[in-house]
Amino acid sequence: MRVVVANRIAQTLNIHAGLAFTDARARAPNLVFEEIDRDADRLALQKLANWMVRFSPRVSVISDDAIVMDVTGINHLFDDEASLGKLVQARLSDNGYASYIAIADTLGAAHALARFSTKREHAFISCSGDEKQDLAGLPTRALRLSEPTTQLLRRFGLTRIGQLYELNRKALARRFASREAADAVVLRLDQALGIRHEPIKPTIAEPEWVMRLPCPEPVAAQEGVEYALDQLLSQLCRKLNNHGVGARDFYFYAFCTDGKSSHIRVSSANAVRDTKHIKRLLKEHIDTINPGFGIDMFMLAAARTESLDHDARPLSAEMVGNFDEEAFIRLADRLAVRLGEKAVQMPTFYQSHVPERAESFAKFDTSLMKEESVSSNAGPRPLRLFETPEHVEVMAEVPDGPPARLIWRRVMRKIVRADGPERIAPEWWKLSEKGARARDYYRIEDEEGYRYWIYRNGLYDDNRGGPPQWYVHGMFT
Amino acid sequence: MAIPSHISDQLVSLARSVSNTEKATDFPFGFGQIGVHECIAHEFGDMTAITGFALTNVKSEGAVLWVRQYRIAQEHGTILKSGSAAFQHIKSHCLHVKTSKRMDALWAIEEGIKSGTVSLVIGEVDEADFTATRRLKLASERYGVPVVLLMPHTREGISACETQWRISTQPSALNPYDTKGVGKSRWQATLERCRLAPEHVGEVFDLEYDDETLSLCVVSRMGIGSLEKGKMSKITREAVPFRKTA
């Protein structure tokens with residue numbers, strides 16, 4: 001058993017991560033242990049990151065114990081960087097989290113300073129351009145290097161980051177046995193100093209338009225949530241209108257006082273900025289917003305924006321025509337928000353001979369409205385197609401024709417009429433089609449008049465597995 | 001002076017029913033006009049026949065909403081647009097909705113009627129009681145959008161529909177080019193309920209659908225041939241027992 005994390009008190013007793021538990025107990029005899037649950041920790045950290053969206057839209061979890069937040073351009077909202085750091089730290093400690101905070105120009109520098117800076121009680125603010133100086137005194141393991149690499153650096157006598165500055169890059173590379181390790185050192189150093197760019201991948205897609213509504217008193221009632229939504233929505237739509245854009249995704253966040261957050265997301269099939277419509281979509285799920293101990297901030301964000309021009313409505317009803325595309329898309333949106341996005345579909349066509357691939361249902365999108373069915377010289381197609389072809393047992397097979405009887409869904413059916421076959425070869429150039437066999441489709445009719453579309457999977461002498469099987473794939477009207 | 005909304009609604013539905021009656025004296029007796037219309041399968045495999053019947057009898061200039069309950073799609077397959085030239089009756093877009101619950105399907109149908117953007121709603125649901133159909137009927141009359149319900153043979157109970165048809169598949173017509181091949185589709189349709197022409201209730205029609213001219217014609221009994229082949233003397237079949245395993 002080993003120690004995984006050590007807090008401040010433990011560190012004063014010289015207990016650190018990686019220490020054997022017996023040694024730790026020797027230093028603090030009344031130490032108790034608990035097994036670490038990495039998944040739960042990761043989940044909690046992710047939730048915390050979602051909650052931190054209230055400070056900045058770009059928040060990301062970068063390791064098991066670090067959240068990175070891009071605060072570029074938001075300082076003025078919180079007076080200055082120092083008060084932002086103080087605020088974040090205070091809000092986190094309110095919720096029972098101890099935190100080390102550093103604000104720096106680069107992710108690498110902030111990461112190193114938050115962990116290894118000597119004055120960790122307050123947020124460490126590194127002024128722009130001072131990274132080199134601030135980092136110089138920190139140990140090399142602050143650079144997010146792997147354990148063997150750090151050890152190797154230590155063996156060379158390079159214990160401080162400052163020592164790496166003067167070294168010749170080529171000379172540094174030559175000291176390492178593996179090229180990867182040398183590259184890693186150089187990369188991490190460059191990233192910390194801002195020579196190389198390191199992008200942040202936000203956990204939530206970065207919204208282009210955001211409206212916030214802080215509440216002086218925490219809101220605990222559902223009416224309050226609806227009021228907040230109304231307020232934010234009218235503000236956001238006015239803003240979108242002024243810029244001539246519409247958005248396809250809307251996120252409505254509620255941040256609770258106790259560090260929890262909940263959000264709802266709705267999507268539209270095309271860009272919208274109609275207050276009424278968006279509100280109707282969001283209201284469908286507004287019950288899922290849990291006020292808990294009270295919500296102290298609301299946020300409404302719009303993502304996937306597109307330019308949306310003002311549309312002049314025809315004055316005369318005769319000019320409208322009988323199809324209102326806008327209303328059609330809104331209907332699809334409303335259905336999707338209640339029944340799920342995948343429930344609303346439109347047929348999509350694909351140049352393929354395999355029937356189930358040639359026409360299938362796809363999630364509704366405005367682009368599908370332009371799609372035309374591919375006309376082909378294929379044989380007759382059934383009116384209803386089974387999602388998966390159903391295997392049937394056949395009797396009286398002849399190699400060059402349909403069977404005389406078949407058992408489909410436990411009922412014996414005598415075939416009286418048939419035409420075909422229509423041979424559909426497998427698409428051998430597709431990896432997924434490996435081992436697929438040619439199909440011979442027949443249109444058959446049983447003595448009661450039911451008309452089936454059946455196929456034999458494979459030919460009798462194609463040497464691609466056992467004897468071919470028969471399937472019912474659809475039904476003709 | 002403004003007419004109160006409930007009175008104006010009544011006027012609208014009155015005007016519509018008057019215009020309906022004028023056209024409802026012959027086949028298909030107002031099917032596909034404002035109101036709820038039910039097509040019910042006669043037996044298990046007739047779901048395709050009722051789909052064909054509904055598609056050939058509706059005329060829609062605008063967009064269509066097609067609501068499918070998952071259970072029916074699983075048992076009877078999903079609609080294939082390239083499978084029927086009759087889809088040409090639907091001139092515009094067709095939006096499909098797939099739901100797992102019956103109530104969701106009925107909700108989607110009502111939502112479609114009220115949206116004011118589709119000119120026809122087709123619903124595949126396994127059952128709909130009087131309250132549900134009445135609700136759809138009122139919505140349909142108010143917004144002027146016809147509803148066609150395709151239902152499996154298990155459907156029972158009363159309904160508030162305008163017309164109710166029960167349809168069964170018949171052996172196809174003789175194929176003039178290949179006597180052993182499958183010919184034009186034939187169905188037998190029974191008018192079980194008709195609000196606009198109650199005197200025709202109970203009549204049986206033998207229908208033949210020509211997929212080249214997209215026309216549906218009523219064929220005489222004589223044309224079909226001997227009656228024995230029809231549903232009157234249905235061959236009773238026994239289910240093959242489940243295979244026994246060791």
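Reply: What follows is a walk across the interface, from its overall extent to single residues.

This is a predicted model, in which local features need pLDDT of at least 70 and side-chain atom pairs count only at pLDDT 80 or more, while totals for chains, interfaces and linings use all residues. Residues are numbered from 1 along each chain as its sequence is written, chains are lettered from A and ligands numbered from 1 in the order in which they are written, and side-chain values use heavy atoms, with hydrogens and water left out.

If contact is taken to mean heavy atoms within 4.5 Å, then 51 residues of chain A are in contact with 72 residues of chain B. The size of an interface is often given as the accessible area lost when the parts come together. Between chain A and chain B the buried area (the accessible area, found with a 1.4 Å probe, that two parts lose on being put together, summed over both) is about 5400 Å², and carbon and sulfur atoms give 55% of that area.

The rule also finds three salt bridges across this interface, where a salt bridge is a side-chain nitrogen of Lys or Arg within 4 Å of a carboxyl oxygen of Asp or Glu. A:R280 and B:E111 form a salt bridge, with their closest N and O atoms 2.8 Å apart.

Several elements of chain A each supply at least two residues of the side that touches chain B, among them α13 (325-339), β11 (384-395) and β13 (411-424). These names refer to DSSP runs numbered from the N terminus, helices being H or I with at least four residues and strands being E with at least two. The largest share of that side, eight residues, comes from α13(A). By class, the side of chain A has 27 nonpolar, four polar and 20 charged residues, with Ala, Val, Leu, Ile, Met, Phe, Trp, Tyr, Cys and Pro counted as nonpolar, Asp, Glu, Lys and Arg as charged, and the others, Gly among them, as polar.

Strands meet across the boundary as well, since two strands pair if DSSP finds at least two bridges between them: β11(A) pairs with β3 (residues 78-79) of chain B in the antiparallel sense over two bridges. A:L385 has B:T78 in β3(B) as its bridge partner.

Finally, A:D419 lies in strand β13 of chain A. A polar atom of the A:D419 side chain lies 3.1 Å from the backbone nitrogen of B:V182. Not counting residues up to four places away in sequence, A:D419 touches A:Y442 and A:R443 in chain A, and B:D178, B:G181 and B:V182 in chain B.

How values were computed
A polar contact is a pair of N or O atoms within 3.5 Å; within protein, one must be able to donate a hydrogen and the other to accept it, and residues adjacent in sequence count only if both atoms are side-chain atoms.
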